[in-house]
Amino acid sequence: MSGSLHKLEWTPCTNPRLRRHIICLPLPFHLLHFFSFVSFLFSFTGIRRLCSELLDLKDAVDNLCGNMQSKYTAFVRLSEEVIEMEHELIDLQKHISTQGILVQDLMRGVCRELEEWKSGAFEAKQDLPSYEIEDFPPNQMQDPKTEFFDTIDVLLAEHRSEEALAALKSEEEKSQELLESKDNSVSSYKLAFLKRKEMLSEQLVEIAEQPSSGVLELKKSLLGLVKLGNGPSAHQLLLNAYGSRLQKSINGFLPLCSIYPGTYSASLSQLIFSTISVASRESNSIFGDAPPYGTKLKQWIEWELESMVQLVRENAPSSETPIALRAATVCVQASLSHCLMLEFLGLSFSQLLLILLCPYMEEVLDMNFKRAMNVVVDFAVNDDMVLSSPQFSSPFTPSNIMVTNSGKKFISVIQEIVEQLTPNAILHYGGNILYRLAKLFDSYIDALIKVLPGSSEDDNPSENKDNINFRAETDAQQLALLGTAFTVAEELLPMAVSGICSQKNEGDEPVSMSSDNSNLLPGNTIELKDLRRHLKPSLDKLRDHYCRHYVLSFIYSSDGKPRLDARLYLNGKAEDLFWDSDPLPSLPFQALFTKLQELASVAADVLIGKEKIQKILLARLTETVVIWLSNEQDFWEVFEDESVHLQPFGLQQLIFDMHFIVEIAVCGGYPSRQVRQIALEIISRAIGTFATRGIDPHSALPEDEWFVDMAKAAINRFLLGTPESSEVDEHNEIPIEESDLSEIDEDHVAETDRKLELSDGHINLEFEGSDFDEEVNSSCSIESGESFASARMDDSASPSSLTDPET
């Protein structure tokens with residue numbers, strides 16, 4: 001035994017999976033391994049079971065803690081209620097004790113008085129029967145007035161207000177003492193009666209002021225106050241009750257405003273106007289339409305409307321976002337619709353609401369249009385001038401409209417604004433919105449002008465220069481820009497805002513587009529022609545800038561010297577132009593013909609389907625040339641210089657050039673009365689100047705028909721490519737280059753048809769044909785396909801107006 005067993009000792013376990021020490025006995029080898037395996041199984045399963053039990057214990061503890069917390073809260077609440085109940089019981093016990101003492105004192109007093117009365121009667125030897133206290137009936141023991149007051153006190157104590165009110169009214173009607181008053185004195189009975197009435201009034205006021213009072217209880221209390229003669233205070237209680245309920249509803253609704261930013265204003269308006277409507281109906285049913293009550297009701301409604309507008313502004317999204325504009329217009333739509341419902345109750349608040357909403361609408365419109373202007377301007381100065389067809393949602397948009405990206409962006413911004421508008425907002429603020437649209441279009445035009453060449457000649461050449469990443473240098477790019485502006489103004493913008501105009505046209509009285517909302521009342525009309533009339537100055541500004549720079553780059557060379565110089569008419573050939581079988585215009589006017597022909601060809605490719613725009617632009621270019629020639633004082637000072645020798649040839653050539661430029665416009669299909677008128681004035685001035693220098697116009701000038709025929713023949717030769725037209729190159733014409741020069745002042749010449757005659761009245765310088773329309777329709781003896789003007793429209797139409805379609 002001693003050899004097989006050894007003493008107990010601590011040894012580390014040989015199993016590598018068990019990381020602890022256990023007690024092992026030095027047993028035989030197979031027993032040792034058996035016990036090690038049993039220990040391992042026992043340890044592994046025991047740990048898992050222990051973890052599972054610990055988790056269950058943890059869940060049980062958590063549940064116990066939660067139950068203890070809830071039960072502890074209920075226990076605390078129950079303890080508080082028990083304490084309150086205990087206090088109430090103590091108060092009730094004190095009250096019962098007080099009443100018991102009072103009853104005992106009353107019984108003792110009555111018994112003492114009876115004893116005294118009986119003893120007195122016995123001494124007076126009056127044989128009176130003895131009565132016990134119980135033998136007296138109540139009506140012989142107590143005064144009726146006292147009994148009435150006791151009844152009222154009991155009813156007031158039990159809050160039976162209706163019964164107390166009925167008893168007081170009944171007593172007041174049958175009691176003469178309450179109705180009559182002697183020597184202005186008030187009896188004790190009447191004082192007690194008035195005191196009970198005051199107590200009842202206070203009780204009714206307390207009931208009406210309780211937030212938990214229902215509509216029926218409130219109405220009963222107010223009716224009781226009216227019967228007691230407290231109508232004004234009852235009416236104020238009615239307004240206060242509905243005002244407090246409205247405020248409670250608003251406080252519960254305001255957290256939802258951020259969830260529905262576009263429609264929260266309509267929900268808030270619905271909440272407020274529904275309360276106003278209910279309060280108005282209750283006021284009319286209880287108090288009638290008496291002036292004092294109606295005035296206070298209107299004052300209360302005005303205050304609530306001011307609060308509504310303030311709440312809409314405080315909880316609105318950022319003013320420059322489209323959703324803010326949507327919220328404002330939805331508020332206008334919903335509020336005015338609710339005001340219309342109030343008018344059936346005799347309450348008109350539409351004008352007041354418009355006045356209250358006007359500053360908010362102005363702020364939202366200002367911020368939205370400022371945002372739109374920044375977007376449009378930034379996009380315009382960075383446009384790549386690529387023409388494309390806009391993909392608008394309107395089914396009325398023609399599919400052949402071609403605009404640049406800036407034009408598409410401008411219309412998309414306008415549509416985004418118009419889509420936020422509601423019918424009532426359009427009806428009352430449509431004129432203001434259209435006025436702002438016109439200003440936005442003007443800003444868009446200013447941005448386009450910065451992209452055109454020559455814009456650096458303005459007063460602030462460095463302003464926004466770094467922000468312009470693209471310049472329209474070629475004729476195609478510039479014409480695409482002009483065509484986009486015209487298309488937007490004439491077609492796309494009126495189409496986008498047609499909904500505004502159609503809404504406004506439902507009225508009867510016209511209104512002008514203005515930023516002043518005082519004229520924007522219901523029933524005013526705004527037509528599309530009014531919008532086009534306000535867009536016309538902006539288009540004219542863009543057109544005039546382009547034409548001015550185009551003509552100046554033609555007239556002046558790169559070094560700033562004018563190509564169209566008066567000395568051209570001093571150094572010509574000595575013989576008369578009349579004897580030349582094939583006279584030609586001077587070189588600058590031949591170059592002008594070539595440039596207009598090239599520009600018309602480019603316009604035909606770029607402005608497809610825009611013949612009117614092409615004709616307007618070409619007509620304005622010719623007008624700009626003759627206007628410059630008429631106003632350029634340096635040009636005329638050469639003729640007025642006495643040291644300069646003038647020849648008849650110079651006068652003939654100048655008059656021929658004027659007829660040539662008029663025939664360019666006529667044969668090109670864009671005749672202009674202004675070109676004709678200014679050319680006549682230039683001819684008249686030239687004849688007068690040459691006549692003062694000793695040149696006889698009678699002998700120097702042929703008939704007017706000769707100039708017209710020779711001008712038409714020159715145009716034919718240029719178009720047909722005859723050898724005579726090559727003289728431009730033979731005379732080494734300087735190529736036309738664009739240059740940035742200072743602007744010149746341009747005066748518009750009045751369009752008046754008059755005959756230009758010499759001072760002696762013998763020579764008539766009127767152009768061929770007394771009627772201008774006949775001249776316009778006259779043939780240039782060239783085929784229509786060979787005309788350098790690619791535009792095709794009725795030659796009888798004078799494109800002097802840029803935007804008026806009736807012109």
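Accessible areas come from the Shrake-Rupley method with a 1.4 Å probe. On this basis, the chain exposes about 43500 Å², and carbon and sulfur atoms supply 54% of that area. The model is predicted.

**The chain as a whole**

- The chain contains 26 helices and four strands.
- Of its 807 residues, 43% are buried.
- Among contacts in the chain with a separation of 6 or more, 77% are between residues 24 or more positions apart.

**A charged patch on the surface**

- A patch of negative charge on the surface is formed by Glu80, Glu81, Glu84, Glu88 and Asp91.
- One of these residues, Glu80, lies in helix H1, which covers residues 29–123.
- Glu80 has a relative accessibility of 48% and therefore counts as partly exposed, because that class lies between the buried limit of under 20% and the exposed limit of over 50%.

**A lysine in a loop**

- Lys610 belongs to the loop that joins helix H18 (587–606) and helix H19 (611–631).
- The relative accessible area of Lys610 is 14%, so this residue is buried; the cut-off for buried is under 20%.
- When residues up to four places away in sequence are not counted, Lys610 touches Thr487 and Glu491.

Terms used
Residues are numbered from 1 along each chain as its sequence is written. This is a predicted model: local features need pLDDT of at least 70, side-chain atom pairs count only at pLDDT 80 or more; totals for chains, interfaces and linings use all residues. Side-chain values use heavy atoms; hydrogens and water are left out. Patches are made of residues with over 30% relative accessible area and no salt bridge: like charges are joined within 9 Å, nonpolar side chains (Val, Leu, Ile, Met, Phe, Trp, Tyr) within 5 Å. A salt bridge is a side-chain nitrogen of Lys or Arg within 4 Å of a carboxyl oxygen of Asp or Glu. Lys and Arg count as positive and Asp and Glu as negative; His and the chain ends are not counted. The place of a charge is taken as NZ of Lys, CZ of Arg, CG of Asp or CD of Glu. Helices (H or I, at least four residues) and strands (E, at least two) are DSSP runs, numbered from the N terminus. Buried means under 20% relative accessible area, exposed over 50%, partly exposed in between (1.4 Å probe, protein chains only). Contact means heavy atoms within 4.5 Å.
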